[in-house]
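This briefing covers strand pairing, helix packing and a few single residues. Please keep the sequence and the structure at hand while reading.

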Amino acid sequence: MTLAALCGPLGLADSGLAAPKPVPLPSFDGPAPDPETLPGGSRPAPMGKKQTYEYLNPSEWLRGRAQPKAHEVAAAMLDQRAEVPGTWQHAMKRWQDYQRDKAKELNKYLDNPVGDRPSPVAPWDKWLRRYIPNQGNDNQGKAFVQHVVERLKLGANHGWQTELNVPEVNRYYDLANVGLGLYYELKSGSGISEKELARDKAFVEAERGKADPRRLVYLFAVPPSAKSKRLLKEAGIDYVVVPAQKKVINTGGPPPDPNDQFTTGPDDGGPDGSGSDGSGPDGGGTPKDGPQGGGPQGGASADDILRAPEQYQAPAAAPAEIADSGDTPEEAAELREVDKQLAAESGHPELAEDLGGVDFSTLELRYVSDTYHNGSGVQYAFKADALTTDEPSFGGRRAAQLASDSFFVWLALPPSAFTVNLNPDEPDRIIDEKFGRTDAGRVLLEADLAMKKSVAKFIHPDTKAGRKYWDSLRGEAKCVSMRQWIVPDTATVRDNGNELFILDAPLLVKMESEVVKTPGVGGDNGCGQQDEASTRHNESVYRTTILPQVQKAVNSAPEYADLRRVYASRVAAEWFRKRSATKHTAYSDLIGKGDIDRWASREKWTPREVFDRYVKSYKDGEFKVKHTTTKGNVVYTRTYVYGGVDFSRIDQNRLSATKFTEDHPKLTATARNALHEPSGEGSEVWLGGQTTAVPPAEAFASPDPATSKPLFYVLGAAPLIAWLVTGGTLLWRRRANSSAGAGR
């Protein structure tokens, strides 16, 4: 069987108006597939498991390029390559056009400020990450057509044609068989073109009532979006998913044109095509010499998620989707519009897709696998909640960076450092010095302060529940003085030896009675003068009414999301810590080294500043409320006033293989599929990634065919040579023996 390369547009924005160039289809040996088993037939066969198809993207080599200088852009405007998609000149021209369009949009608003102010220009790095994939849209579409042709054996010798025109509706279909009356429109993404759909609807409606109507079926590589499903249903058009995942096989792309002129300043890419992050034309992600960018003291860039210093980030769903997400709702909305425009320009508006409908604030590391793919590396997956709407997702970069940075901090420092203390009596015991330079330490301290504010909300006397709480207390002062702190509750995990699934990672709030010596808002003596019986009663009331609310908030309220995020990373890091005690892992060389410079805090903060806010709350109170009542001739005025985290050890409940399979039958496949694309169903979205010890172009390269190695011919010829030598020897001996016999 021979397969000719398919070419010609797939799904042009107005494909019915321009005739795509017809191309030959391959021929296949053997009988034609039973048409009734094909998509659209009366008994279609199952499409089987997901398969991978490969394609080239001419702009992949642009990844990581720094924002061009003004003189570069000016030169690009005069260069004929500015009209060639995928070139550096084309990217610069499109960036310039985008900025000019945004300026016009803003000026129009300023002249007549009606409605919402236009969103700001998207950052260069995020715009570029939208530009690059869209330059490969046409190749992606062609490759999926080629994949379907080969997978379903739709050969030219069996009557199949490509880009067949249906003049009645002025529409070209990707694959068609006139004899069978079967027409296929292929979509490598989850979206569809509404302009194309209008013609498709006319085609389907014209066939209704005919004795032998022609059939139109959409073939998707991935499940269509909710909007696509709705539109197809309204149009009366069937669809089938031919499960396939795309793979860019030139992650670094071809080397840049030697005629390209590049500046070599510190913020620009060099003539080798490498970007400001040094990622180079091999597309291997951030190189071994450390992260670029980050917070005020360093920190890893977006593609450094769970990447150790001597590793590379492989192309995968998590780095791509997280790096491409906006940092704010406004930026996310602008990036969605950028993607729509670039996709339309590519001729594939249906491929304008972003990761909408994901609540990145809930993102947590829930899966890790210690792998050895051409060298030590790690596979990982984050889990996040899905939103009920398809609104643009934002904040993914910050959430993933916090989870990743914390993971490495948990590895680098000893567990004894993972405790914080906001006690007004102990200003010198707030936090470990190194831990206090990290965002993980900041999160734990802020959670301790947030817990105090949560309690204030629950016991406020102007609320119904708060009033009931105060009325239940005893004693003249009605005082409760206790110490509260957050510790890890038992985490539920599945550890199969090489993989860890974190199924649940709850937190526990503990308390005990404590008399603080530092004078607070309640007076110098605090609860010290209260009788023991009242103290015990009041503590019991607090434990049964307020503490459960605090516990629930810590495990579900938005203000503790960062705490839950860093704790999930703590569980994953502990798995690697224990695993590294018996074997070498991807992170063995980092454990207990105490060096956190690479993962220092991205936000400016100091432990003392958080402590001072806590002390102010303690001394001044979170609230001070006066209630006046009159009984008889006496007026009573009552004043209501109200004003750590320990991750040093964790416990685990390890599920058996049987229990894990029973309770989570699809989770293994979901976590592993997340490496390639967002996966999960219902209320969850999983995003995965992978690090490698060698550049991805090398680690994931297809093996060279045996015929390319000289040794192949030596080894292949060896049996033949041996046979010839042996056969020749036997023949010579036989002839020699025959001659000897004749002479006797």
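A residue is called buried when its relative accessible area is under 20%, exposed when that area is over 50%, and partly exposed in between. E163 has a relative accessibility of 9%, so E163 counts as buried. The model described here is predicted.

- Five strands make an open sheet of 5 strands in the order 2-3-4-5-6, and the pairing is mixed.
- Strand 2 and strand 6 (238-241) are the edge strands, each pairing on one side only.
- From one strand to the next, the twist averages 45°.
- Helix 5 (residues 194-207) lies across strand 2, strand 3, strand 4 and strand 5 (215-220).
- The direction of helix 5 is at about 55° to strand 3.

**Strand 3 and its two neighbours**

- Strand 3 covers residues 171-177 and is mostly covered, with 7 of its 7 residues buried.
- V166 has R171 of strand 3 as its bridge partner.
- The hairpin of strand 2 and strand 3 has 4 residues between the strands, and N170 in this hairpin takes a positive phi near 55°.
- Strand 3 also pairs with strand 4 (residues 182-187), again in the antiparallel sense, here over 3 bridges.
- In this second pairing, N177 stands opposite L182 of strand 4.
- Strand 3 and strand 4 form a hairpin too, with 4 residues between them.
- G181, in the turn of the hairpin of strand 3 and strand 4, has a positive phi of about 65°.

- Most residues other than glycine have a negative phi.
- K153 has a positive phi, near 60°, and is a residue other than glycine.
- The loop between helix 4 (137-152) and strand 2 contains K153.
- K153 counts as partly exposed because its relative accessibility is 38%.
- E163 also has a positive phi in a residue other than glycine, with a value near 55°.
- E163 belongs to strand 2, and its 9% relative accessibility puts E163 among buried residues.

**Helix 10 with helix 14**

- Helix 10 (residues 439-459) packs against helix 14 (residues 561-579) at an angle of about 135°, and the axes are 9 Å apart.
- What does that angle make of the pair? Helix 10 and helix 14 are therefore oblique to each other.
- The crossing of helix 10 and helix 14 is left-handed.
- On the helix 10 side the contact is made by V443, L444 and A447, which meet D562, L563 and V566 of helix 14.
- By class, this contact of helix 10 with helix 14 has 5 nonpolar residues, no polar residues and 1 charged residue.

**Helix 3 with helix 8**

- Helix 3 (residues 124-134) and helix 8 (residues 329-345) pack with their axes 9 Å apart, at an angle of about 30°.
- Angles under 35 degrees count as roughly parallel, and helix 3 and helix 8 are therefore roughly parallel to each other.
- Helix 3 and helix 8 have a right-handed crossing.
- K126, W127, R130, Y131 and N134 of helix 3 meet residues of helix 8, namely E331, L335, V338, D339, L342 and A343.
- The contact of helix 3 with helix 8 divides into 6 nonpolar, 1 polar and 4 charged residues.

**S534**

- Helix 12 (residues 532-545) contains S534.
- S534 has a relative accessible area of 8% and is therefore buried.
- L473 is 61 residues apart from S534 along the chain, and the C-alpha atoms of the two are separated by 7.8 Å.
- Leaving aside residues up to four places away in sequence, S534 touches R474 and G475.

Key:
Residues numbered from 1 in each chain as written. Predicted model: local features only at pLDDT ≥ 70, side-chain atom pairs only at ≥ 80, totals over all residues. Heavy atoms only, no water. Buried < 20%, exposed > 50% of the residue type's maximum accessible area, 1.4 Å probe, protein only. Pairing = 2+ DSSP bridges. Axes fitted to C-alpha atoms, helices over the stretch in contact; angles between N-to-C directions. Parallel < 35°, antiparallel > 145°, perpendicular 65-115°, else oblique. Left-handed = near helix turned anticlockwise from the far one by under 90°. Contact = heavy atoms within 4.5 Å. Nonpolar A, V, L, I, M, F, W, Y, C, P; charged D, E, K, R; others polar.
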